[in-house]
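Please go through the structure below together with the text that follows.

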Amino acid sequence: VRFSEAVTGFSAADVGVTNATVTGFSGTGATYAVVVTPTVDGLMTVSVPAGVCQDAAGNGNAVAMPLSWTYDSQPPLSPVVTGAPLSRNPRPTWTWTGRDGAGTFRYRLDHAAEWTETTALSFAPAAALPDGDHEVQVQERDAAGNWSLSGRATIRVDATPPSAVLS
């Protein structure tokens, strides 16, 4: 909070908050730091009403324009991930559909350490996969930056033709 000149009598109790609590307060003169912690998701507002502090001449402060923003800690729903359960193609394709995020996804193949971020709705590996089960996990990010839990699908690659032995 910045006042146009030094004030006295300003305290944490003078800060009005909606959907939050004041968890930190410091400062003197014309500059104060106020830390607010959200109590629920939704619109948060911080305000300083008129007359809660005064300048050296005893003039009470004017009301400050409230500061509002939306707090969102809830992740979107997991994307729906699909792929053919069995494929002879060593480069199969997984597809996904977002459910309530902002259309930015990240995926990884076979529990790789690194995720790849994308706005695409499908993935096919650049290199051939060995025979066996392969899983793709996909998460979606919402506008607030929260990542969903993983949606996942497993495809079994079987690109090896059967062999025949005559006896």
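The largest nonpolar core has 13 residues, and W94, W96, F123, V136 and V138 have the most contacts inside it. A nonpolar core here is a set of buried Ala, Val, Leu, Ile, Met, Phe, Trp, Tyr and Cys residues joined through side-chain atoms within 4.5 Å; buried means under 20% relative accessible area, exposed over 50%, and partly exposed in between, with a 1.4 Å probe and protein chains only. Two or more residues of this core come from each of β8 (94-97), β9 (104-109), β12 (132-141) and β13 (151-157). Strands are DSSP runs of E with at least two residues, numbered from the N terminus. A second, separate core of 12 residues includes V15, V46, V48 and V52. In soluble globular proteins, nonpolar side chains tend to be buried together.

The model is predicted: local features need pLDDT of at least 70, side-chain atom pairs count only at pLDDT 80 or more, and totals for chains, interfaces and linings use all residues. Residues are numbered from 1 along each chain as its sequence is written, and side-chain values use heavy atoms, with hydrogens and water left out.

V136 belongs to the residues with the most contacts inside the largest core. Leaving aside neighbours within four places in sequence, V136 is in contact (heavy atoms within 4.5 Å) with V81, W94, Y107, R108, L109, F123, G151, R152 and A153. Seven of the 10 residues of β12 are buried, so this strand is largely enclosed by the rest of the structure.

The sheet that holds β12 is open and has five strands in the order β7-β13-β12-β9-β10, with mixed pairing. Two strands pair if DSSP finds at least two bridges between them. At the edges are β7 (86-87) and β10 (116-118), each pairing on one side only. β12 meets β13 in the antiparallel sense over seven bridges; here D133 stands opposite R156, and E135 has T154 as its bridge partner. Six bridges join β12 to β9, again antiparallel, and in this pair F105 is bridged to E140 of β12.

Another open sheet has three strands in the order β6-β8-β11, with antiparallel pairing. Its edge strands, β6 (80-82) and β11 (122-123), each have a single partner strand, so one side of each is left without a neighbour in the sheet. Two bridges join β8 to β11, and W94 has F123 in β11 as its bridge partner. Both W94 and F123 are among the core residues listed at the outset.

Two aspartates remain. D14 lies in the segment before β1 (16-18). A polar atom of the D14 side chain does lie 2.8 Å from the backbone nitrogen of S11. Not counting residues up to four places away in sequence, D14 touches G9, S47, V48, P49 and V52; V48 and V52 are included in the second core.

D55 is in the loop between β4 (42-47) and β5 (67-71). This residue is buried, with a relative accessible area of 12%. Its side chain reaches the backbone nitrogen of N59 at 2.8 Å, and a polar atom of that side chain lies 3.0 Å from the backbone nitrogen of A57. Beyond residues up to four places away in sequence, D55 touches E5, A6 and V7.

Definitions and conventions:
Helices (H or I, at least four residues) and strands (E, at least two) are DSSP runs, numbered from the N terminus. A polar contact is a pair of N or O atoms within 3.5 Å; within protein, one must be able to donate a hydrogen and the other to accept it, and residues adjacent in sequence count only if both atoms are side-chain atoms.
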